[in-house]
Amino acid sequence: MSKPKAIVTRRWPEANEKRLREHFDVTFNESDTPFTADQLKDALKNCDVFMPTVTDKVTRDVLSVEGRTANMIANFGVGFNHIDIEAAKELGITVSNTPSVLTDCTADIAMSLLLMVARRVGEGERELRAENWTGWRPTHLLGTKVTGKKLGVIGFGRIGQAVAQRAKFGFNMDILYWDPYDIPSDVVSKFEATKLDTIEDICRESDFVSVNCPATKETFHLMNKERFELMKPSAFVINTARGDIIDEKALVDALVNKEIAGAGLDVFETEPNLPTELKTLENVVSFPHLGSATIETRIAMGDTAINNALAYFDGKDLPNKVV
Ligand code: DGY
């Protein structure tokens, strides 16, 4: 029996590519550069399963291409805001994602950003590399203590809870959260977490605000000028979710005007381009979307995407069906 045809838009870890070759008649994107809209359309006309990732803008226009043969999209990643899910549903295209396997590594990156920006680690390292360190002194690069502070988590799902786990049990932080959904009481009591009624309350109360909600129409620019104004001048914002949940212009203004103390960012509105200030301000730590970037996690993401595609062709329930 011939194998289903798969097109993969970016290079995956070697172990995943080997497994893909075993199960599919697979085409890789050797150049590993993002597909254009035309390349995406072409791909959808030339495979049975399409395997995109966050850098592919899989719009309604792309999905509606005439002659589409792919009816299954196995996304490499948990976030699927780059795929028009409504259009996929209408067109009868099945979409899967890769939740859970990247929870811990993304939470680790959130804590790295939190610690780096609070303790001015980036500044210190830059000073040392530039041979500008003149030695220890009592007033050198004084940062903000993390232990015992209040962490406000916006979006208390898998990743938000994993951040809380590290913050609560590693750094004895008080956990506040906001989530539109009810969180199981055993989870809330495990973290001795306090639910606040509004995002405004989170902004007012927290020493660190961690953005951990998905990117949707409702969460677009959720952190905006008004909400930054509510934050304490000593507080920090951390974003490991999606760039457009924060209004970057409002963030830059808040940072420049010292309305907040700093930001730790792993995601940006128009990656890989970001406002100059987010690359140069001393009170900002920016990472190039590293949340899930460990070999273990990326292999697990690839395996999860493959498992979903295999379930689809075996006529089984998909482990991680989006639509
Ligand atoms: C995810 O899985 O959503 C990561 O952000 C990479 O896309």
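Which side chain of opposite charge is nearest to Asp 56, and how far away is it? I started my notebook there, keeping in mind that this is a predicted model.

**Entry 1: Asp 56**

I found Asp 56 in the loop between strand E3 (49-51) and helix H3 (60-63). The nearest side chain of opposite charge is Arg 10, 6.0 Å away. Asp 56 is buried yet has no salt bridge, because a salt bridge needs the nitrogen and the carboxyl oxygen within 4 Å. I did find a polar contact for Asp 56: its side chain meets the side chain of Thr 9 at 2.6 Å.

**Entry 2: Salt bridges**

Next I looked up the salt bridges, and the count came to 18.

I began with Arg 19 and Asp 303, whose side chains meet at 2.8 Å, N to O. This pair links distant parts of the chain, with Arg 19 in helix H1 (residues 14-23) and Asp 303 in helix H13 (residues 295-313), 284 residues apart. I noted Arg 19 as partly exposed because its relative accessibility is 21%. Asp 303, at 25%, is also partly exposed.

Then I turned to Asp 108 and Arg 166, where the closest N and O atoms of the salt bridge are 2.6 Å apart.

My last pair was Arg 126 and Glu 282, a salt bridge with its closest N and O atoms 2.7 Å apart. Arg 126 sits in helix H6 and Glu 282 in the loop between H12 and E12, so the pair ties together parts that are 156 residues apart in sequence. Both are partly exposed, Arg 126 at 42% and Glu 282 at 45%. I also noted a network in which salt bridges with shared partners join Arg 11, Glu 17 and Glu 30.

**Entry 3: The second largest pocket**

Which elements each supply at least two lining residues? I found helix H6 (121-129), helix H12 (276-280) and strand E12 (284-286). H6 gives the largest share, four residues. By type, I recorded seven nonpolar, three polar and four charged residues in this lining.

Methods
Residues numbered from 1 in each chain as written. Predicted model: local features only at pLDDT ≥ 70, side-chain atom pairs only at ≥ 80, totals over all residues. Heavy atoms only, no water. Nonpolar A, V, L, I, M, F, W, Y, C, P; charged D, E, K, R; others polar. Buried < 20%, exposed > 50% of the residue type's maximum accessible area, 1.4 Å probe, protein only. Lys, Arg positive; Asp, Glu negative; His and termini not counted. Polar contact = N/O pair within 3.5 Å; in protein donor to acceptor, adjacent residues only side chain to side chain.
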